[in-house]
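Visitor: I would like to go through this model element by element, with the cut-offs stated as we meet them. Could we begin once the coordinates are on the screen?

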Amino acid sequence: MASFCSVWRRSNILFLLLCVLVAQISTCFSSKVYVVYMGSKNGEDPNEILAQNHQILASVHTGSIEEAQASHIHSYRHGFKGFAARLTDHQASQISKMPGVVSVFPNSKRSLHTTHSWDFMGLLGEQTLEVSGFNIKNQVNIIVGFIDTGIWPESPSFNDANMPPVPARWKGVCQSGEAFNSSTCNRKVIGARYYKSGYEAEEDSADTVAFSSPRDSAGHGSHTASIAAGRYVSNMTYKGLASGGARGGAPMARIAVYKTCWDTGCYDADLLAAFDDAIRDGVHILSLSLGPDAPQGDYFTDAISVGSFHAARHGILVVASAGNEGNPGSATNLAPWMITVAASSTDRDFTSDIVLGNGVNVTGESLSVFGMKASASIISASEAFAGYFTPYQSSYCLESSLNKTKARGKVLVCRHAESSTESKLAKSVVVKDAGGVGMVLIDEADMDVAVPFVIPSAIIGRRTGKHLLSYINRTRRPMARILPSKTTLGLKPAPRVTAFSAKGPNALTPQILKPDITAPGLNILASWSPAVADKQFNILSGTSMACPHVTGIAALIKAVHPSWSPAAIRSAIMTSATLLDKTHKPIIVDPEGKRGNAFDYGSGFLNPTRALDPGLVYDAQPADYVSFLCSVGYDEKSLHQITLDNSTCARAFRTATDLNYPSITVPNLEGNISVTRTVTNVGKPENIYKAAVSSPKGINVTVIPNQLVFTSLGQKISFTVNFKVVAPSKGYTFGFLSWMSGRSRVTSPLVVQVAHSNSGLMR
C-alpha cells in the first residue's frame, strides 16, 4: 500500500509539473497587442518608418516579412515613431532591448470620464465677436481636436452657417465609413477620422462596434465637442428641462474629430494613432475626456502621456479630464505638459420633490419627468426581499431581489453604493419590473448626479435618507408622492467641487500639483447622438464634461494670443482662477461640505474673462520638460531616444518642483528650501507687481524680490520663493502667492508637506 501511495504521489507531481510547463509555454507563445514607442520623429520619410517597423517585427518572426505584416496593427510615423503589433511576451521582451526603443507596453484600455454653465461663468448669449473688450473673431482660425467617441455632425451645435472657408493650415481628412462620407464634414466639423484596429484586436467588435466610421454611436463625443466649441442653439432642452439657448465656449472655432473610443472603452494603440495624425493634421488644441484608472503608470508607458508629450513639442495644447474616482490621490493624466481638469457644480440643479404623508417635503436629484398622480405607500426595499436574497441585499434593489407581491403599487427606498450612473438607472428598472410605482434612491456616496429614471424617482443623500427611513419605521401607514423633475436656478453655494471629481496629490510626481483647475462638470446639458435613445441633447456629469469647458476657453485664449505657447495658455487659465464661490466664500467640496484645497480644485474655478488678460504668465518650453524628466530619473540615453535631439541632463532641475509651473508643491520639506520661478509680462508694457502671500500652516514663506518692475512687453523676471518650517504639522498644508497690480491678480497655489523622521520629529 505504501508503495502504491508513493507511485501515486510521484505521478501527480509529474502531472502538476507538466501542467505548469504547458501553461508557461502557452503564455509564452500566445500573442497580444503591444505598443512599441520609439520617441520623436527626426525628418524620416513616413514610408521609411513603416518599412523599418516591418523589419523590426520580421526580426522576431524568424525573418518573415509576411508574418511581420500580419502582426502589424498601427505605425506611428508623423508626430513620433513607433508601432502597435500582436506579439508574444517573449517577442515584446526582445523588441524592448533593441536600439531606439524607449518602451514597450500592453495595449491597455482607457475609460471615458463621464449651457447654462457658460452663463454661470460670465460668457453670455452668442458672444462670437468680443469678450470683455477682447476681439475673439480669430477663433474661426483655431482648430480643436477631440479624441473621443466621434460626432453627430447633423446636430445644430455643429452647423456651419456663416462660417468662412477652412483654415489653410488644415492638413486633415474627412474619412468615409458607415453612414459617413467625405462630404459629411463641413466648415465647422472640418475633419474626422476613426481608429479601431487596437480595439478590434482586444474585443469582439461584431457585438460592440456601432457605426464603423467617425459617426458617434455613444453620444459622449458629441456632448464634449459641443461644450467646448458648439454653435449657439436657441432651443436646447432635455425633455423640457433646462430649456433655453446654449453654446460652446468657442462657438466659431473649428472641430476635428478622432474617434478612438467604442462601446467598451478606448485602447492605447488607437489613442496613439489619433495623436500621431492630429499632430500632422494641424490642430491647435487637443481635448481628451478620458484616461487611465488610478494609479497611473510611468509617463512613457502611458499612451496619453506619450501622445501629449509630442503634441506639446509641436506647440499643441492638450487638455484632459482628471477622472471620476473621487478619492485622495486618484487624479490621472498627471503629466506637467498637459492641463488636468477637475469637476465642479454650477448654480443650476434638477430636482424632484418627495411629498411625505406627514406633509414634509424632501428634495432629491432627478431627471425623471414622470410624476406620481397620487400618494402611495412607501417602504424600504429590504421589506420586499425575495427568494434567496437577504433583506440587506434587497435594500440595494439588485436584479430579481424584490418580491413583486410586496413591491406592487408602492414607492421603494433603495440604497446605492457605487458611482455609476448606469447602475442607478438600472435600479429604477428593477423597481418598475417588480411593480413599484416610484423609487427613492439613497446615494451613500452623495454624488449629486441627476439620473433619467424610468419611473418617478429621486436621489437623496445619506443624512436625508436616514430621516426618511426613520419616518417609515415610526409611521403606521407611511405614504409618499414623487413629483416630476424641475429646473432649479440660483442654487447656493456654487460652485462646489463634486464628490466624484478625482483629487490630488499627484501619485506619480508629487512635486507637480494635479488637478490644475476645476470647471463645471455636474449635470451639464449639451448635444447628443440620436443613435442613443433618439434624442438630440442630453444631461451628463463627470470630469469628461469639465474638460471641454477648459478646452473652449483655451481656444479663445489662442484666438486672442495666437503666438502663446501651450504652457502660457495653461498659466493664464490657472493663475486667473478664483478660490471663492458666487457668495464670495471659499469653495467647498461635496459631499461633506468641507472647505476645499488645491488637491480638490488645483488653482481654483475657471474664470474665462480674466484668463484672456492674465497680466503675467509662467511659460515653459519643450526643453524644460526634458529637464523635468531628468529630475524624475530619466537618463540621457532614454532622453535621446525620446527626443532624438542633443538633449542632455546638464541643466537638469534639482527636483521636479523647479519646473516653471504656475503652482509650487514641496512634498517633503526638510527645514527650508528655495524655489525659483520666472514670469513673463503679457499685460501693460510698464507695470509694477507686488507679492502677497498666504503661507501654508506652519510654514514661513518669503518672496525675493517682493516687487517686480516691468518696463516692456515680453520682459521676463525671475524671483525666489523661500519656504521655512516654523511649526511642523502633519500632512499637506496649503496657501497661495499672488502678484498684485491694480485690479490684476496672478495667483499660484502653494502646497507643502513637512518631512518627518521615523520618530515623528522633523529632520
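Visitor: In strand S17, which residue is the bridge partner of Ser287?
Guide: This is a predicted model, in which local features need pLDDT of at least 70 and side-chain atom pairs count only at pLDDT 80 or more, while totals for chains, interfaces and linings use all residues. Residues are numbered from 1 along each chain as its sequence is written, and side-chain values use heavy atoms, with hydrogens and water left out. Strand S15 (residues 285-288) runs parallel to S17 (residues 317-321), and four bridges join them; strands (E, at least two residues) and helices (H or I, at least four) are DSSP runs numbered from the N terminus, and two strands pair if DSSP finds at least two bridges between them. Within S17, the residue bridged to Ser287 is Val319.

Visitor: Which strands stand at the edges of the open sheet of four strands, and why is one side of each left without a neighbour?
Guide: The open sheet has the order S2-S3-S1-S4, with antiparallel pairing. Each edge strand has a single partner strand, so one side is left without a neighbour in the sheet, and the two in question are S2 (72-76) and S4 (103-106).

Visitor: What angle does the direction of helix H9 make with that of S2?
Guide: From one strand to the next, the twist of this sheet averages 20°. H9 (residues 268-281) packs on the sheet and touches S1 (31-40), S2, S3 and S4, contact being heavy atoms within 4.5 Å. Axes are lines fitted to C-alpha atoms, for helices over the stretch in contact, and angles run from 0 to 180 degrees between N-to-C directions. On that basis, the angle between H9 and S2 is about 35°.

Visitor: What is the volume of the second largest pocket?
Guide: On a 1 Å grid over the protein atoms alone, a pocket is an open set of points where a 1.4 Å probe fits, with protein on both sides within 12 Å along at least five of seven lines. Grid points are joined across faces, edges and corners, and a volume is the space filled by probe spheres set on the points. For the second largest pocket this gives about 650 Å³.

Visitor: Of the residues that line that pocket, which are the closest to its centre?
Guide: Lining residues have an atom within 4 Å of a point, and those of this pocket divide into seven nonpolar, six polar and eleven charged. Of the 24 lining residues, the closest to the centre are Asp446, Asp448, Gly461, Asp590 and Pro591.

Visitor: What is omega for the peptide bond that joins Asp590 and Pro591?
Guide: Pro591 lies in the loop between strand S31 (588-589) and strand S32 (594-595). The bond that joins Asp590 to Pro591 is cis, with omega about 5°.

Visitor: Is Asn333 buried or exposed, and at what relative accessibility?
Guide: Asn333 is found in the loop between S17 and strand S18 (339-344), and has a positive phi of about 55° although it is not a glycine. Asn333 counts as buried, because its relative accessibility is 0%.

Technical notes:
Ala, Val, Leu, Ile, Met, Phe, Trp, Tyr, Cys and Pro count as nonpolar, Asp, Glu, Lys and Arg as charged, and the others, Gly among them, as polar. Buried means under 20% relative accessible area, exposed over 50%, partly exposed in between (1.4 Å probe, protein chains only).
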